[in-house]
Amino acid sequence: MEETRENGVTFGEICKAIWKRIWIVAIVTFTFALVGFLCARFLYNPGKETYSVSFILSYPNSEEHKYPDGSPFYYQDVISAEKLEAAKASDASFASVDVEEMLEKDKIAIEAETREQNNALDYTGRYTVTVNASYFSGRKQATQFLAALVGLSQTEVVDVAAEMNYRLDDSAFGDADFNGKLDLLARQKDSLIGEYNHWISLYSDNYSVGGKTLVNHRAEAEAIFGSAVRNALYTELETNGYVPLSLVEERRALLNAEKERNNKQIEELKELLKLNTSSGSVESGNLTVFDFSERLSSLTTRNVEIDTQLANMTKENIENFEKKLNEVYSTLQEAADKVHEVGLALCKQETRAYLETSQAIEEGGLSSVLAAVVGAVVGFVLSCLIVYFVEIPRSRRSAVGSDGNADENADGNADENADGAEEK
């Protein structure tokens, strides 16, 4: 029974030994916990851990993956070198972020979410940017940097809208002849109305921009260079044959020459018609009397037109007509500026970069807290084992020494008692 007790170790003895060396156990446990935390935080995670943010970029025309000016939108440009440098420069706290190495080593990437539509893959407008954690001091800095990077795409859309120009080019309008100017004005008017129609199709007639609905903005543009004014100007130009003042003399000479040719042809046709009529023939070659009459009528009508154009092609009339065109041009230029103003306001209202999370998502690394807990457990177990193998044998040896002294004292007392008995 005593032998079993000597060889076995009770739980109480173990606890007593650990408590006796509790400071050693505590120090070792804390040290291992700290080492686990630091290793996960600064050695393992920076190489394996990534931060990512998902966002939805929405703006007018975004479903067609085009900027407001119609140029294509490439989502890969979100992480271009230019954008990364701009994001870094946006805040002094990003000065330590090495964006050049980030790109060079492909430590940043962007993915676009797709969907199947009409038997083809199409982008949904949702994108995810993922970057290696080693370039940031922590999750907070990574979140701020990625938010700044995403915000640049939103800013770029508005910047493109701000740079758009709906005006006619002054030199193109000035160099065109009168008929060309009318055509340019007509196309300009149709283009401006087309912009309003496109915005209305995206939103609604009653969508308000700048304190006024889109349909009312369109109505104001429609009132400029209406069909009545347009037709009247085309008719006046066609009737009077206006040309710029610098070409008036040349035009007059051409009209007079044309009229002289027409008069000569008229006389020839009259002679032929008279000869055929006197001879009793109603035909001359392939021409009938009706053909002669129609040709004579056409030439006579043309000469009347020439006389009208020669009479009306005065400096005063040409200047008045040119003034009308310039007034329409000036009004349409103002309308073009208004379209630009409305388009920019609309873009500012509807351009959004929605971040799906307020903090970047950490992936691929170890939890620093978990690593600390595991380190603490390992340290505690290891320190307990050390205490067990060192302290228990020492305690047992002390216990054995105490038992030996007690036996010797007991034997001595017994001998003394025996000697005393014999003497008696």
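1. The expected span of a helix is 1.5 Å times one less than its number of residues. Helix H6 has 25 residues and runs 36 Å from first C-alpha to last, close to the expected 36 Å. Helices here are DSSP runs of H or I with at least four residues, numbered from the N terminus.

2. The model is predicted, with local features needing pLDDT of at least 70 and side-chain atom pairs counting only at pLDDT 80 or more, while totals for chains, interfaces and linings use all residues. Residues are numbered from 1 along each chain as its sequence is written, and side-chain values use heavy atoms, leaving out hydrogens and water.

3. H6 (residues 139-163) packs against H4 (residues 81-89) at about 120°, with the axes 9 Å apart. Axes are lines fitted to C-alpha atoms over the stretch in contact, and angles run from 0 to 180 degrees between N-to-C directions. Contact (heavy atoms within 4.5 Å) involves residues including Leu84 and Ala87 of H4 and Phe145, Leu149 and Ser153 of H6. By class, this contact has seven nonpolar, one polar and three charged residues.

4. Helices H8 (residues 178-202) and H13 (residues 315-350) have axes that come within 10 Å and cross at roughly 20°. H8 and H13 are therefore roughly parallel (angles under 35 degrees). By class, their contact has 17 nonpolar, three polar and five charged residues. Ala, Val, Leu, Ile, Met, Phe, Trp, Tyr, Cys and Pro count as nonpolar, Asp, Glu, Lys and Arg as charged, and the others, Gly among them, as polar.

Conventions: Helices (H or I, at least four residues) and strands (E, at least two) are DSSP runs, numbered from the N terminus. Angles under 35 degrees count as roughly parallel, over 145 as roughly antiparallel, 65 to 115 as roughly perpendicular and the rest as oblique.
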